[in-house]
Amino acid sequence: MPEMPEVETVRRTLIPLVKGKTIEKVILWYPKIVATDHEHFLTELPGKEIIDIDRYAKYLLIRLSDNLTIVSHLRMEGKYHLTTPNAPKDKHDHVEFIFTDGTALRYNDVRKFGRMQLILTGTEKQVTAIGKLGPEPNSPEFSDQYFIASLKRKKKNIKNTLLDQKTVAGLGNIYVDETLWQSGIHPLSSANKIPADKVKELRRNINETITIATKERGTTVHTYLDANGQTGGYQKMLKVYGHAGEACSKCGTTLEKIKVSGRGTTFCPKCQVMYQ
């Protein structure tokens with residue numbers, strides 16, 4: 001699943017492709033991608049200009065004229081690509097925005113898990129799942145004090161706590177594994193048992209990793225591509241994710257892989273301490 005650095009990279013590469021363009025027509029080949037009223041989506045968008053594209057956590061916020069926003073969640077394998085209306089349709093193309101300049105933006109999703117919602121701009125936290133999310137990494141709200149207090153209230157393991165998006169938004173399996181290894185914290189540690197100094201270290205590592213991964217244009221392990229069809233670069237820097245059975249680069253111990261709530265989880269049994 002694209003995580004925060006990948007979605008930010010999609011945002012940055014999509015803006016120069018579509019900003020300022022006016023929508024002429026919308027085609028829904030697979031209407032279920034749109035979680036709000038389908039007919040309203042089809043009739044309301046023609047004539048609207050794409051003003052800008054913002055992001056919160058893993059959500060793209062496509063800002064339109066007349067105070068409208070398309071909230072887009074890519075989920076597992078969603079992708080956008082610029083093409084023309086007469087280009088052959090890929091079997092996994094599900095939504096097309098045709099622009100007045102003769103170009104078209106298509107949304108492609110192999111698993112069909114992605115979703116779009118058409119809402120009034122500024123109501124994201126009231127009418128979408130964004131309202132349930134915690135603060136983003138590198139935001140003022142994601143402070144040491146906030147993170148320590150939040151983890152103290154969590155009785156579940158730290159891996160699940162970081163994945164549920166309510167404590168900190170934007171992390172997924174890849175960056176959780178990486179930052180827990182960097183911080184020397186076992187993924188099955190009870191979140192509320194981790195010492196404050198380790199929580200501070202984990203917060204610093206989350207912020208730094210997200211910053212570097214974004215600079216590297218995200219991580220391509222399976223199918224992630226940006227809006228230009230390019231892969232990311234952070235996969236070359238991964239230390240534990242995808243390296244089960246190899247030697248830990250810190251201590252030489254063989255990295256192990258377990259399942260945590262069905263998610264593959266790689267860690268070092270020596271470097272990463274279990275807090276219970």
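These legends go with a set of close-up views of one protein chain.

The chain is a predicted model, in which local features need pLDDT of at least 70, side-chain atom pairs count only at pLDDT 80 or more, and totals for chains, interfaces and linings use all residues. Residues are numbered from 1 along each chain as its sequence is written, and side-chain values use heavy atoms, with hydrogens and water left out.

**Figure 1. The whole chain, before we zoom in.**
Seven helices and ten strands make up the secondary structure of the protein chain; helices (H or I, at least four residues) and strands (E, at least two) are DSSP runs, numbered from the N terminus. The C-alpha atoms sit in a box of roughly 60 × 35 × 30 Å along the principal axes. For 276 residues, a compact globule would have a radius of gyration near 19 Å, and the 20 Å of this chain agrees with that. That radius is taken over C-alpha atoms, and the globule rule is 2.2 Å times the number of residues to the power 0.38. Of the 276 residues, 53% are buried, where buried means under 20% relative accessible area, exposed over 50%, and partly exposed in between (1.4 Å probe, protein chains only). Take the contacts (heavy atoms within 4.5 Å) with a separation of 6 or more: 62% of them are between residues 24 or more positions apart.

**Figure 2. Surface and charge.**
The accessible surface of the protein chain comes to about 12,300 Å², with 49% belonging to carbon and sulfur atoms. Accessible areas come from the Shrake-Rupley method with a 1.4 Å probe; for residues, only the protein chains shown count as cover. There are 41 positive and 31 negative side chains, and the centres of the two sets lie 7 Å apart. Lys and Arg count as positive and Asp and Glu as negative, while His and the chain ends are not counted. Each charge is placed at NZ of Lys, CZ of Arg, CG of Asp or CD of Glu.

**Figure 3. Helix α4 and its buried face.**
Helix α4 spans residues 144-152, and its buried residues are D144, F147, S150 and L151. Looking down the axis of α4, these buried residues fall within an arc of 140°, so they line one face of the helix. The arc is that of the directions from the helix axis to the C-beta atoms. As a reminder, an α-helix has 3.6 residues a turn, so residues three or four places apart point the same way. Turned away from the buried side of α4 are the exposed residues Q145 and K152. The cover over the buried residues of α4 includes α5 (158-163) and α7.

**Figure 4. Helix α6, mostly covered.**
Ten of the eleven residues of helix α6 (residues 173-183) are buried. Among them are I174, Y175, V176, L180 and W181, along with D177 and E178. What covers the buried residues of α6 includes α1 (4-18), α5, α7 and β10 (263-267).

**Figure 5. The loop between α7 and β9, seen at A247 and T254.**
A247 lies in the loop between α7 (196-215) and β9 (256-260), and T254 has its place in that loop too. A247 is exposed because its relative accessibility is 54%, whereas T254, at 44%, counts as partly exposed. Not counting residues up to four places away in sequence, A247 touches G252, T253, T254 and L255. On the same terms, T254 touches G245, E246, A247 and P269. For T254 and H243, eleven residues apart along the chain, the C-alpha separation is 9.4 Å.

K112 is not a glycine, yet it has a positive phi of about 65°. K112 is found in the loop between β7 (104-109) and β8 (115-120), and at 32% relative accessibility K112 counts as partly exposed. S261, also a residue other than glycine, has a positive phi near 50°. S261 is in the loop between β9 and β10 and counts as exposed, at 61% relative accessibility.

**Figure 6. H73 in strand β4.**
H73 belongs to strand β4 (residues 68-73) and is buried, at 9% relative accessibility. Leaving aside neighbours within four places in sequence, H73 is in contact with K58, Y59, Y107, G114 and R115. The C-alpha atoms of H73 and L61, twelve residues apart along the chain, are separated by 9.0 Å.
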